[in-house]
Amino acid sequence: MSTRSTIARPRGDGWEGGYIHSDGYPTGVGQEIWKLVHETFNGDGEAFLKEYLDKHPSGWSSFPDNCYCHHPDWAARADHKEPMPVRSTEDKTNTPLFQEWVYIVAPRVMTILKSHPLPAEDSYTWVVIEQVDFSGPEPDWADIEKRGEDLCHAAWKKNRPREAA
């Protein structure tokens, strides 16, 4: 099963970004964003977004190696020719249920969101798990991932429907 995620930039009072189909957890995509921002873009989140979001509007099968808009197996398909933006405003294809992790990259910080179940059946929201300063030390990606998963699991356990006695 894929762990879907989004790389995004702040937009108004929300965010807008690109879809990633696989390996979206912090020890995958989060750590890779950190590495690229530091090693390739000298800590500049906006330069990272120009290269990995703006130049790949159809999103990624797996980040950063297989984008839908340039990979030869996908680029020829009609359903991968149009941009597929993901926005913080929900619609049928973009809900926290289907976007498990969101990485909002700003010029100097990255905010990491995790999908989180609500008491209503099949209802989710995003919650902030961590805000990472690109000028600080590299975070413990496994800890961020565990905190996100633990929070989600605890909420699910608390909110799951109970069997009638």
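Phe-41 is buried, at a relative accessible area of 16%. Here, buried means under 20% relative accessible area, exposed over 50%, and partly exposed in between (1.4 Å probe, protein chains only). Tyr-52 is also buried, with a value of 16%. The model is predicted: local features need pLDDT of at least 70, side-chain atom pairs count only at pLDDT 80 or more, and totals for chains, interfaces and linings use all residues. Residues are numbered from 1 along each chain as its sequence is written, and side-chain values use heavy atoms, leaving out hydrogens and water.

Confidence is expressed as pLDDT, the predictor's confidence in each residue, from 0 to 100. The chain has a mean pLDDT of 83, and 77% of its residues reach 70 or more. Among the elements, helix 1 has the highest mean (96) and helix 3 (residues 72–75) the lowest (61). Helices (H or I, at least four residues) and strands (E, at least two) are DSSP runs, numbered from the N terminus. Where pLDDT is low, the predicted coordinates should not be read in detail.

Aromatic rings were examined next. Rings of Phe, Tyr and Trp (its six-membered ring) pair if their centres lie within 6.5 Å; planes under 30 degrees apart count as stacked, over 60 as edge-to-face and the rest as tilted. By this rule there are 10 aromatic pairs. Phe-41 and Tyr-52 pair edge-to-face, with 6.2 Å between centres and 85° between planes. This pair links distant parts of the chain, 11 residues apart: Phe-41 lies in the loop between helix 1 and helix 2, and Tyr-52 in helix 2. Tyr-52 also pairs with Phe-48, this time stacked, at 5.3 Å centre to centre and 25° between the planes. Both residues lie in helix 2, 4 residues apart, about one turn of the helix. Phe-48 is buried, with a relative accessible area of 0%. Ring pairs join Phe-41, Phe-48, Tyr-52, Trp-60 and Phe-63 into a cluster.

A nonpolar core is a set of buried Ala, Val, Leu, Ile, Met, Phe, Trp, Tyr and Cys residues joined through side-chain atoms within 4.5 Å. The largest such core holds 26 residues; Ile-7, Ile-33, Phe-48, Phe-63, Val-105, Met-110 and Ile-112 touch the most other members. Several elements each supply at least two of its residues, including helix 2 (45–54), strand 7 (109–117) and helix 4 (141–159). Helix 1 gives the largest share, 5 residues. A second, separate core of 6 residues includes Ala-8, Val-102, Leu-113 and Trp-126.
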